[in-house]
Amino acid sequence: MSGSIVTFSNVSKTYHIGTVTVNALRGVSFTVAPGDYISIMGPSGCGKSTLLNLLGCLDRPSSGSYLLGGQDVSTMEDDALSAIRGARLGFVFQSYNLIQQLTVTENIEVPLYYQGWSEAECRAKARELAARVGLENRLDHKPFELSGGQQQRVAIARALVNDPLLILADEPTGNLDSISGADILRIFDDLNKQGKTIIMVTHDDDVSSRAGRAIRLRDGQIESDVRHRS
Amino acid sequence: MSDPHNIQADRETTFLLAAETAHRVREISVGRLIRTVRLGMRSLWLHRLRSLLTVLGIVFGVCSVIAMLAIGEGASYEAQEQIKNLGSQNIILRSIKPPEEQKAMDRGNQSFILQYGITYNDAQRIQATIPGVTVVLPARNVREYVWNISRSVDCEVVGTVPWYPEMRNHRVATGRFFTKADMDARAPVCVIGAEMVPILFPIESPVGKDVRVGSYYYRVIGVMEGRGRIGSGSPDSSGGAEGHRMFIPIETARANYGEVLMRRRTGSMEAERVQLHEATVKVHSLEQVQDVSEAVREIMRRNHKKMDYEIIVPLELLKRAERTKQIFNIVLGSIAAISLLVGGIGIMNIMLASVTERTREIGIRRALGARRQDIIAQFLVETVLLSGTGGLIGVLLGVLIPFIVSHTAGMKTIVTLWSPLLAFTISALVGVVFGIYPAMRAASMDPVEALRHE
C-alpha cells in the first residue's frame with residue numbers, strides 16, 4: 001500500500017441541508033498509484049464534486065479514511081489540511097479561478113507564498129513555470145487581459161509550482177473552445193508522461209479516453225473503474 | 001516498472017522535508033508581513049475612491065480633535081499666561097464702589113464725599129498680623145488723559161511703590177523704574193506702558209520726554225514691557241488695557257491728587273475718597289497662598305462693613321483655568337471617541353462588503369494553501385492600513401489647520417506632541433478592533449462554499 005498516493009477506504013460523505021440528508025458519497029474505496037491519469041465521470045449529482053473536494057482536502061469525509069501519500073488526512077485539523085493543500089496538491093478549475101488583481105507571475109506564486117518561500121525564490125520559480133506553459137511573454141499581464149486558454153495555462157502553472165503529489169482538475173476544458181481545450185489536454189498528457197499523477201473530472205468521453213483509467217460514479221458509488229492501457 | 005515507484009518514494013521524503021522547512025520559514029514572518037502589507041495596499045489602491053471615502057470618518061475625527069485641542073491649548077495658555085503675569089504668589093486687593101452707594105449717587109444725592117475702599121490701615125494690618133507675607137504693595141489709581149503736546153491717551157495713572165515690577169512680574173523694557181529716593185522726594189517721574197508709546201510718541205523715544213496729566217508734568221524715565229492682547233475677561237483690566245497704565249511714585253500721587261477725587265458729570269459733581277485702589281500681598285511660598293488668602297479675607301471682612309473691595313487670588317484663577325481646561329479636554333476626548341467609533345464602524349461596514357465581494361478570492365487562496373490565520377492577516381492588514389492612513393491624513397490636516405488659524409486669525413495655537421501621536425495610535429487600533437470581525441468572517445468561510453461563490 002505504501003506505493004499508492006491515494007488510498008480511499010470506504011469513504012462516505014453526508015450533507016445536511018436543512019432537514020434533508022444527502023448521501024453524496026456512499027462507501028467509496030479506490031487507490032491511486034503514482035503516475036496514474038484518472039478521469040472521473042458520471043451524471044450530475046453523482047458525487048463527482050464531492051469526491052474531488054475530498055481528494056483536494058477541501059472537505060473531510062463523514063466516515064472512512066483517506067490516506068494521501070501515506071498520511072491520514074481524514075481527521076486532520078484545518079491548518080494541517082491547508083498545509084497539505086499548499087504543499088502536495090495542485091488544483092485546476094473549470095473557471096480558472098485566478099485572482100483578478102494579480103499578474104500572471106503573482107498568480108503562479110500564490111501557493112509558494114503561503115509556504116513561506118522568499119520573494120526571489122517565488123519569482124524565479126513562477127517565471128520558470130510560466131515559460132513551461134508558454135506564457136513567458138505574458139508575465140505581467142492581468143488575467144482579464146488573457147484568453148481563456150491562456151488563463152487555464154496560468155492555472156496549470158500555478159498547480160505545478162509546488163511540485164505536487166497529485167493534480168486535481170475539475171473539467172479544465174469545460175469553458176474553452178475545442179482548439180484551446182485540445183491545447184490544455186495536450187499539456188496534461190505531457191505532464192502525465194513526465195510522471196505526474198492526475199485526477200480529472202470531466203463530462204466529455206473524448207477527454208476521458210485520453211486518461212489511462214476511467215472511474216465512473218453513480219449515486220455516490222463507483223459504478224466502474226476501467227484501465228484503458230496497462 | 002519499479003523505477004517510478006522508487007522515484008516516488010524519494011519524492012515523498014523530500015516532500016515531508018519541504019513541508020517541515022516551509023513551517024519553519026513561516027515563523028520568520030517579517031518579510032511575509034511586508035508582502036502582505038504590499039498586497040493590502042494594492043487591493044486598496046484598486047478601489048481608490050472607495051478607500052478614500054471609507055477613511056474619511058477617521059480623517060475628520062482625528063483632524064478635528066487635533067485642531068480643536070491645539071486651539072484650546074493655545075487659548076488656555078494665553079489665559080494662564082495672563083494669570084501668571086499677575087503673579088501666582090500674589091493676592092490682589094482692589095477697591096470697588098459698593099453697589100448701594102452707586103445707587104444713592106444716581107438718585108442725585110451728590111452733596112457728600114463718598115468714602116470707600118482699602119485703607120492704609122488695612123495694608124498695615126495685613127503686613128503686621130499675617131505670617132508669611134513679604135510685602136504689601138499699595139497702589140492708587142486715577143483715570144486720566146495723558147498728553148504729549150497734542151497727542152493724548154486715556155489711561156490709568158497708578159501711584160505705586162518702587163518694587164511693583166518685581167512683584168507683578170512686569171519688567172521695564174527701556175529706561176528704569178523709579179526708586180525709593182524718587183518716591184520719598186515725590187519726584188514727578190513716570191514709567192509708561194508699551195502700548196501707549198506708539199500713540200504718544202510715534203517717532204521719538206519717550207524716555208527723557210515729559211507728559212502732562214491734568215496740570216502736572218511728569219518726566220518719562222522708562223517704558224514697561226508689552227503684554228500683548230488682553231482678553232475682556234482678564235481680571236487685571238479694571239480700566240482699559242493693562243498697557244494703558246502709567247506708573248508714578250505713590251507719594252507723588254498722594255501729593256498731587258490727594259485722597260479725594262473730583263470728577264465732573266453732566267450737571268453734577270462727584271467726589272470720592274479712596275485711600276488705596278489696589279494692594280498686592282506677596283506670599284512667601286505657593287503652599288501658603290490658600291491660607292493667607294483666607295486670612296486676608298477674614299481681616300477685610302472684619303474691618304469693612306460694606307463690600308467695597310474685592311480679593312483676587314491668581315492662583316485660584318489658575319487652578320480654575322486648569323480645571324476648565326480639563327473639562328474641555330474630557331469633552332474633546334468624548335467627541336474624539338465618538339468620531340473614531342463612527343469612523344471605525346464605517347470601515348468595518350466596507351470591509352464586510354469587501355469580504356463578501358472577495359469570497360471567491362478567499363476560496364482560491366484557501367485551496368492554494370492559505371490557513372485561516374493567513375486570511376485573517378490579509379484582511380486585518382487592509383483594515384489597519386485604511387485606518388492608519390486615515391489617521392495619518394487626519395494628523396497632517398490636524399497640524400496644518402492650527403498653523404493656518406494662527407497665521408490668518410492671529411490666534412495662538414499649540415500642537416502638543418502627544419495629541420497627534422495618540423490620535424494616530426488610536427486610529428490604528430480602531431483598525432485592529434473593527435477589522436477583527438470582518439477578517440474572522442473571511443477566515444471562517446468554508447473553502448468549498450467560497451469556491452462555488454459567484
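Visitor: What makes strand β4 (residues 63-68) and β5 of chain A a pair?

Guide: Two strands pair if DSSP finds at least two bridges between them, and β4(A) is joined to β5(A) by 2 bridges. The two run antiparallel. Strands here are DSSP runs of E, at least two residues long, and helices are runs of H or I, at least four, both numbered from the N terminus.

This is a predicted model, in which local features need pLDDT of at least 70 and side-chain atom pairs count only at pLDDT 80 or more, while totals for chains, interfaces and linings use all residues. Residues are numbered from 1 along each chain as its sequence is written, and chains are lettered from A and ligands numbered from 1 in the order in which they are written.

Visitor: Which strands are called edge strands?

Guide: The open sheet has 4 strands of chain A, in the order β2-β1-β4-β5, with antiparallel pairing. Its edge strands are β2 (20-32) and β5 (71-72) of chain A, as each pairs on one side only.

Visitor: Why does L168(A) count as buried?

Guide: A residue is buried with 20 or more other C-beta atoms within 10 Å of its own, exposed with 12 or fewer, and partly exposed in between. L168(A) has 27 such neighbours, so it counts as buried. L168(A) sits in strand β7 (residues 166-170) of chain A. Beyond four places in sequence, L168(A) is in contact (C-beta atoms within 7 Å) with L52(A), L55(A), G56(A), L89(A), G90(A), F91(A) and I199(A). L168(A) and F91(A) lie 77 residues apart in sequence, yet 5.0 Å apart from C-alpha to C-alpha.

Visitor: Which residues touch the most other members of the largest nonpolar core?

Guide: They are A157(A), L168(A), I199(A) and I66(B), in a core of 115 residues. Such a core is a set of buried Ala, Val, Leu, Ile, Met, Phe, Trp, Tyr and Cys residues joined through C-beta atoms within 7 Å. Helix α3(B) gives the most to this core, 11 residues.

Methods
Two residues are in contact if their C-beta atoms, placed from the backbone, lie within 7 Å.
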